[in-house]
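These are my notebook entries on a structure that I looked up.

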Amino acid sequence: MTPLQASADAILQQRLKAMTPQQLQGMRRGLEKESLRAQPGGALALTPHPAALGSALTHPSITTDFSESQVELVTSAHASPEAALEELTQLHQFTYQALKENGDEMLWVSSMPCGLPTDETIPIARFGSSNVGRAKSVYRVGLSHRYGRRMQTISGIHYNWSLPGVSSEQYFALIRNFRRHAFLLLYLFGASPAVCSTFVAGRQHELQKLTDTTMFMPHGTSLRMGRLGYQSDAQASLAVSYNSLEGYAASLQDALSRPYPAYEKVGIRNPGGDYNQLATTLLQIENEFYGTIRPKRVIRAGERPLHALRERGVEYIEVRLMDLDPFEPVGINAQTMRFIDVFLLHCLMSDSPPDTPAEIAEINHNQHQTAARGREPGAQLKRQGGEVALAAWGAEILAGCAPIAAALDADHGGTPYRDALAAASIGLADADTLPSARVLAAMAQDFDNSFVQFIKAQSLTTQAALQTLPVTDEQLARFTGMSQQSVEAQKAIEAGDSMLFEDYRQLYVSPEHLQVRVREAVHG
């Protein structure tokens with residue numbers, strides 16, 4: 001161990017000792033899971049969001065993401081991984097019941113999409129006639145002009161995490177370390193090494209042809225998080241620093257205020273008067289900024305997310321780089337969640353120097369390198385101007401996580417956190433055990449190397465398994481009631497609108513309102 005490593009280890013141990021059992025037991029996590037609705041044959045479902053699921057605008061747990069065909073299931077914050085998974089499972093059961101009534105559609109269990117129609121045929125999510133509902137749809141129309149609809153159909157599972165007594169400054173320290181070490185999560189849990197050829201039709205890419213219908217990277221882990229996924233030249237020009245809340249907010253405010261020539265050409269409206277986007281700035285709203293992790297705050301009615309952060313500080317963080325695991329019924333399991341818990345605590349308690357433009361460039365390189373070639377034998381990453389083996393760096397991080405896992409097990413009982421760490425060590429030592437490798441192996445063994453055929457089979461298996469789980473009358477009544485209440489809530493919002501949409505749009509995106517509350521909010 002180098003003197004630098006010994007010093008870092010001592011800092012971590014000191015901070016770990018300062019954590020009280022009550023603080024560790026106060027850790028909370030929630031899940032947001034996106035999934036495309038697919039037809040039984042594996043093509044994208046083009047039907048509206050099922051009416052039985054209520055209003056996508058106002059339902060607290062069941063909504064849509066970019067596309068009308070993209071269901072998003074949201075849990076509340078829970079004290080244990082199992083409790084969060086239980087809620088997510090129940091949401092799936094209710095959703096599958098609605099899909100059965102919709103012609104036996106299924107949820108696509110991969111992050112990379114099913115067979116897609118032409119770009120303009122992919123339906124954009126609709127949220128009703130209210131100003132806030134129309135703004136949400138116009139925002140998505142803007143995304144389609146800026147990035148194309150195909151890219152927006154990529155799905156993931158977001159991990160919302162908080163710990164009591166953590167300041168905004170400490171959350172930003174966590175975020176800086178997370179970005180430095182995020183390659184390890186991509187390597188261990190990436191599950192999107194292949195895609196349907198329709199996804200890259202007409203696009204430049206670095207993928208290799210596996211079959212006539214499937215493209216892949218032989219050592220890829222998460223194509224979703226690589227150059228094929230949420231990337232854009234416009235956002236590449238953003239130099240967002242995570243050294244402080246003030247600096248982060250200033251970076252975002254600049255992007256939300258700065259006109260971008262390519263988007264000015266698109267314009268706010270087309271010649272027919274329909275809206276093309278909310279604004280011609282580099283970002284339309286805060287949620288357009290794609291990152292592997294976000295500082296978050298629950299917003300009040302009518303509040304911009306940036307204002308909420310500035311006024312009341314960071315409340316929790318949102319981990320955004322996790323792929324859906326096609327081998328897990330709801331896309332993630334408790335052991336993976338426990339590893340993320342340990343990993344985030346390690347990011348929080350380790351020393352976290354300020355980031356620099358040079359380091360940010362290395363972080364971006366490492367993300368793309370791991371996404372495309374993470375399982376390549378001897379894979380190298382960049383660190384502090386030099387190169388380091390991915391496996392060696394990963395082993396360093398796991399060694400630093402060991403005392404945290406032990407402390408969590410001591411507080412919660414048993415060895416589940418140490419078991420999660422042990423499983424990660426196996427994955428680091430043997431790339432063939434990783435989800436990304438297992439996807440390619442399963443495709444080769446039983447599906448003639450077809451991505452769509454493998455994921456279709458997994459989706460059907462998952463559908464059958466979740467539909468056979470028991471649902472109590474109480475659960476059914478509760479979810480049915482939530483759907484009905486959400487429909488009534490949407491009607492109330494629509495009835496209460498008094499402002500013309502164009503006035504609403506101008507007010508919402510005006511730079512002076514980035515720090516001042518306005519009447520309604522647009523969520524991404």
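**Entry 1**

I looked up K33 and, leaving aside its neighbours within four places in sequence, found it in contact (heavy atoms within 4.5 Å) with V71, E72, L73, L88, H92, G156, I157, L324, V330 and G331. I note that this is a predicted model, in which local features need pLDDT of at least 70, side-chain atom pairs count only at pLDDT 80 or more, and totals for chains, interfaces and linings use all residues. I also note that residues are numbered from 1 along each chain as its sequence is written, and that side-chain values use heavy atoms, with hydrogens and water left out.

K33 lies in strand β1; strands (E, at least two residues) and helices (H or I, at least four) are DSSP runs, numbered from the N terminus. I recorded K33 as buried, with a relative accessible area of 3%. The terms are buried for under 20% relative accessible area, exposed for over 50%, and partly exposed in between, with a 1.4 Å probe and protein chains only. From K33 to Y263 I noted 230 residues in sequence and 30 Å in space, C-alpha to C-alpha.

Is R28 buried, partly exposed or exposed? I found R28 partly exposed, at 30% relative accessibility. R28 is also placed in strand β1, which covers residues 28-38. Leaving aside neighbours within four places in sequence, R28 touches A77, H78, A79, N160, W161 and S162. R28 and G313 are 285 residues apart in sequence, and their C-alpha atoms are 18 Å apart in space.

**Entry 1: S222**

I located S222 in the loop between β8 (214-216) and α8 (233-236). Its relative accessible area is 0%, so S222 is buried. Setting aside neighbours within four places in sequence, I listed L186, G190, S192, D323 and A371 as the contacts of S222.

Two packed helices are described by the angle between their axes and the distance between the axes. Axes are lines fitted to C-alpha atoms, for helices over the stretch in contact, and angles run from 0 to 180 degrees between N-to-C directions.

I began with α14 (residues 390-412) and α15 (residues 416-429), whose axes come within 7 Å and cross at roughly 165°. That makes α14 roughly antiparallel to α15; angles over 145 degrees count as roughly antiparallel, under 35 as roughly parallel, 65 to 115 as roughly perpendicular and the rest as oblique. On the α14 side the contact includes L390, A391, L398, C401 and D409, and on the α15 side it includes P416, Y417, R418 and L428. By class, I noted 14 nonpolar, three polar and two charged residues in the contact of α14 with α15. Ala, Val, Leu, Ile, Met, Phe, Trp, Tyr, Cys and Pro count as nonpolar, Asp, Glu, Lys and Arg as charged, and the others, Gly among them, as polar.

I then took α6 (residues 168-189), whose axis comes within 10 Å of that of α14 and crosses it at roughly 100°. That makes α6 roughly perpendicular to α14. R180, H181, F183, L184 and Y187 of α6 make the contact with L390, W393, G394, I397 and L398 of α14. I counted seven nonpolar, two polar and one charged residue in the contact of α6 with α14.

The axes of α12 (residues 334-349) and α14 come within 9 Å, with a crossing of roughly 110°. α12 and α14 are therefore roughly perpendicular to each other. F339, V342, F343, L345, H346 and M349 in α12 meet a set in α14 that includes I397, C401 and L408. The classes in the contact of α12 with α14 are 11 nonpolar, two polar and no charged residues.

**Entry 2: cysteines**

How many disulfides does the structure hold? I found zero, a disulfide being a pair of cysteine sulfur atoms within 2.5 Å. For C196, the nearest cysteine sulfur is that of C114, 8.1 Å away. C196 is buried, at 7% relative accessible area. For C401, the nearest cysteine sulfur is that of C347, 7.6 Å away. I recorded C401 as buried, at 0% relative accessibility.

**Entry 3: positive phi**

Most residues other than glycine have a negative phi. D104, which is not a glycine, has a positive phi of about 60°. I placed D104 in the loop between α3 (81-101) and β4 (106-107), and D104 is partly exposed at 35% relative accessibility. D448, also not a glycine, has a positive phi of about 50°. I found D448 in the loop between α16 (435-446) and α17 (451-468), where D448 counts as exposed at 69% relative accessibility.
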